[in-house]
Amino acid sequence: MKNSIQNIFTILSILAFSVSFAQNIEGTITDSQKNPLGAANIVIKGTTISTVTDESGKFNLDTDGKKLPFTLLVQYVGYKTTEVEVTTLPVPVLEVSLKEENELIEVVVSSRRRIEKVQDIPIAVSVVTGKQAEQAGAFNVNRIKELVPSVQLYSSNPRNTGINIRGLGSPYGLTNDGIDPGVGFYVDGVYYARPAATTLDFIDVEQIEVLRGPQGSLFGKNTTSGAFNITSRKPSFTSGADFELSYGNYGYLQAKASVTGALSKKIAGRISFSGTQRDGLIDNVATGRATNTLNNQGFRGQLLYTPSENTNITLAADLTTQRPDGYAQVIAGVAPTKRAAYRQFDAIIADLNYQLPSRNAFDRKIDQDTPWRSGQDLGGASLNIDTKIGGGTLTSTTAWRFWTWDPSNDRDFTGLQVLAKSQNPARHTQLTQEIRYAGQLTSKLSGVVGVFYIDQEVKIRGTEESGNAQWRFSQSPVNYTPAGGVSTPVPLARWAEPGLLEGYGIKTNAGIKSTSAAIFGQLDWEIIEGLHFLPGLRYNYDKKDATYLRETYGGLQTTDPQLLAIKRAVYTNQAFDANEDKVDFSGNVTVSYKATDKINAYVTYAKSYKPIGVNVAGLPTPAAGQTLADLAVIKPEDVNHYEVGVKTSPFRNSILNFTLFNTDIKDFQTNVQAAELGVNRGYLANADKVRVRGAELDASFVINRQFSVYAAGTYTDGKYVTFKNAPLPLEETGSSVAYKDVSGSDLPGVSKWAGSLGGEFTNDARFFGNAGKFFIALDSYARSEFSSSPSASKYLIVPGYAIFNARLGFRATDGLSVHFWGRNILNKDYYEQLLPAGGNAGHYAAVLGDQRTYGITLKYSL
């Protein structure tokens with residue numbers, strides 16, 4: 001009997017406890033004018049518990065025994081989602097007023113590894129939400145640069161991609177696998193080491209934060225010029241789905257899908273897909289079909305496990321593939337060189353009875369006979385654990401990633417068989433581990449501290465092979481030494497020996513193993529209210545081991561010393577091993593003062609560095625007293641950076657931020673051009689001293705309920721302060737000297753002026769019964785001219801240009817959205833990059849900006 005009474009008492013206690021937590025929450029949802037909002041959605045965050053308001057804006061939500069504390073999400077189309085914390089029951093009747101979406105929302109960022117308002121942090125940072133990127137058609141980094149003009153991205157193919165901020169980050173021109181990028185690229189806390197990742201489509205992005213300036217005390221991998229901090233949309237316990245389909249001219253077709261929901265009480269999942277296809281934009285008259293197509297597919301899957309309210313564990317995996325018939329460059333012009341008349345490009349092609357299909361790059365015609373192939377696969381998996389401890393969060397991020405590159409290029413840019421093959425397939429793998437703690441340490445002290453480790457390996461298997469026209473392009477005076485004789489010139493006519501160079505080439509077997517480990521941290525001490533002192537420190541260890549083996553093969557098999565001398569003048573064997581390690585201390589200090597809620601000013605000094613580099617793309621013949629190994633190792637960069645900024649909100653719904661910066665770099669790692677054919681169009685070297693200084697302006701204004709505008713501008717002055725042994729410009733190839741003093745000349749890839757300007761008009765509307773917003777928007781991007789050559793050449797100056805994009809349509813939070821879009825609507829002809837052909841024969845090619853494109857996008861959200 002006693003046990004029965006105890007059991008009944010226990011059951012009643014449990015029921016009473018459950019009832020106490022199964023109370024309903026009541027309330028009213030209105031707009032800022034206190035007008036009721038019917039059909040607003042109220043959800044308990046992280047659950048499927050939800051309800052909607054009636055016509056009078058009232059709701060009644062059953063909490064279904066949800067334990068305290070929890071958060072209510074209040075959502076309504078055209079309005080900012082609002083969160084309401086519930087910490088005690090019973091809850092008084094709630095009255096929630098929602099802000100309209102076109103009000104300037106205070107953006108939050110995680111750049112300092114905790115959630116903060118972007119206007120409160122003393123860092124120059126631009127934020128592009130996933131929604132903004134989608135609406136602007138910015139589905140990769142190359143298009144993000146149109147919204148953030150401090151960013152420059154140059155890509156002649158995915159491997160040869162460089163991403164810079166304020167003109168610094170990667171050597172301009174061809175990418176060398178032996179150098180670290182100066183701009184960090186992070187997705188959900190995982191560092192992506194290969195710049196090729198920036199050419200692929202974004203998948204289900206929540207937000208893109210672009211930080212400018214050194215960030216070594218905040219991020220695991222050291223960054224000397226900035227970082228991309230990208231967050232993807234996380235799994236949700238509330239079911240949802242988005243489906244998007246775009247169609248445009250040139251056969252453009254893009255499909256996106258994302259589905260999320262609860263798999264159990266503690267596990268939620270999200271799977272996302274993106275696919276893009278487009279026909280070619282350049283006509284190959286030799287094959288009769290267009291080239292430079294798009295063919296990208298990618299997916300991302302995530303599982304979120306919440307074992308407790310204080311711990312989140314996320315397992316993610318992704319794979320992206322790219323299989324275009326693309327990245328062909330178009331002949332843009334011919335520069336006369338200092339070589340003899342018979343070695344000028346026009347004389348060479350006249351002797352070969354050849355004519356270019358067009359000398360106007362914007363005819364968009366090529367006749368290149370070597371197939372263009374730019375296949376790449378990029379993917380990996382990561383495990384992220386976040387645990388709240390005290391006033392902060394302890395985070396562990398473990399990741400493995402890979403990148404494979406399968407190319408074929410036509411480096412002579414013509415329909416002649418000068419180079420029959422030019423390809424350097426590569427595979428890159430990386431393993432990273434980061435552990436950090438970030439949060440509030442005391443009432444006046446907060447910060448972040450962490451450790452980071454990365455292990456990378458790159459394997460390269462390259463082939464370059466001459467065709468039947470190589471002899472004429474390479475024909476030049478060569479000496480040979482007969483047995484027991486003296487050095488004697490080889491008659492020029494011997495270059496025309498049938499089959500001498502046809503099929504003659506080099507095979508390369510190269511590899512790099514690199515390791516980097518770091519301890520980093522930054523404190524934020526509020527000395528008095530509004531005045532903050534922020535010191536940061538970083539200790540780094542870097543080690544790189546490189547091997548390079550290049551062997552000649554093919555061509556006419558002969559023992560004739562004259563013919564052998566000719567073959568050696570085109571290609572030679574090369575082999576070297578290089579290994580270096582280095583320890584480095586760096587850091588930064590910032591003082592910021594938030595005078596009022598509308599003014600936040602800061603000043604920063606940062607001492608940073610970029611690790612040692614190694615050359616694995618072929619080297620020029622060493623000067624007397626040097627070896628290949630001497631040229632193979634590149635000194636680390638030593639960076640001193642100064643910055644002053646002010647962030648303001650001069651009036652309601654406005655942002656106006658201004659920044660001044662100066663960066664001095666010793667031993668700047670730059671990509672230089674060599675006339676020798678066996679050098680892969682460029683190799684790494686150090687310039688003695690470089691300086692970049694400038695100013696940036698960011699502004700956003702919501703004029704009224706319908707109109708909003710934004711503007712961003714940058715002035716950047718980048719100079720070689722001292723660079724006395726730079727390679728010769730294209731037009732000076734063949735001079736009696738091998739190097740040139742380019743001190744005082746402009747850095748390549750840097751426009752003095754760049755800017756973005758845009759605006760949007762919106763109005764309430766209904767479409768197929770859905771409430772939403774009608775909108776019409778215009779975006780523009782412009783930049784001034786810039787040098788497209790490591791040593792300034794008057795023939796390789798990219799003219800300034802401006803492009804305009806537009807869109808109009810209807811968008812809704814749930815249901816069907818539709819809009820029409822146009823890019824480069826004025827059909828502006830412009831270059832993105834100019835490149836000399838292999839061997840510096842005088843002709844050069846262009847990476848062209850896309851002509852006018854347009855289409856329609858349909859999106860359906862559940």
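Which residue caps the N-terminal end of H6? That's aspartate 560, with a side-chain oxygen 2.8 Å from the backbone nitrogen of glutamine 562. By polar contact I mean a pair of N or O atoms within 3.5 Å; within protein, one must be able to donate a hydrogen and the other to accept it, and residues adjacent in sequence count only if both atoms are side-chain atoms.

Quick housekeeping. This is a predicted model, so to speak of local features we need pLDDT of at least 70, side-chain atom pairs count only at pLDDT 80 or more, and totals for chains, interfaces and linings use all residues. Residues are numbered from 1 along each chain as its sequence is written, and side-chain values use heavy atoms, with hydrogens and water left out.

Back to H6, residues 561-570: Gln562, Leu563, Ala565, Ile566, Lys567 and Val570 are buried there. Buried is under 20% relative accessible area, exposed is over 50%, and partly exposed is in between, with a 1.4 Å probe and protein chains only. Helices (H or I, at least four residues) and strands (E, at least two) are DSSP runs, numbered from the N terminus. The buried residues of H6 pack against strand E30 (445-466), helix H5 (470-474) and strand E31 (479-480).

Next, salt bridges: a side-chain nitrogen of Lys or Arg within 4 Å of a carboxyl oxygen of Asp or Glu. A search of the whole structure turns up 40. Take aspartate 346 and arginine 359, whose closest N and O atoms are 2.7 Å apart. Aspartate 346 sits in helix H4 (residues 345-351) and arginine 359 in the loop between H4 and strand E25 (365-366), so the pair ties together parts 13 residues apart in sequence. Aspartate 346 is partly exposed at 38%, and arginine 359 is partly exposed too, at 44%.

Now look at aspartate 779 and arginine 807, which meet at 2.4 Å, N to O. Aspartate 779 is in strand E46 (residues 770-783) and arginine 807 in strand E49 (residues 801-811), so this pair ties together parts 28 residues apart in sequence. Both of these residues are buried. There's also a network in which salt bridges with shared partners join Arg166, Arg212, Glu643, Glu696 and Asp698.

Last stop, a sheet. It's open, with three strands in the order E24-E52-E51 and antiparallel pairing; strands pair if DSSP finds at least two bridges between them. E24 (330-334) and E51 (831-836) are the edge strands, each pairing on one side only. Four bridges join E24 to E52 (residues 843-848), and glycine 333 has tyrosine 844 as its bridge partner in E52.

Notes
Contact = heavy atoms within 4.5 Å.
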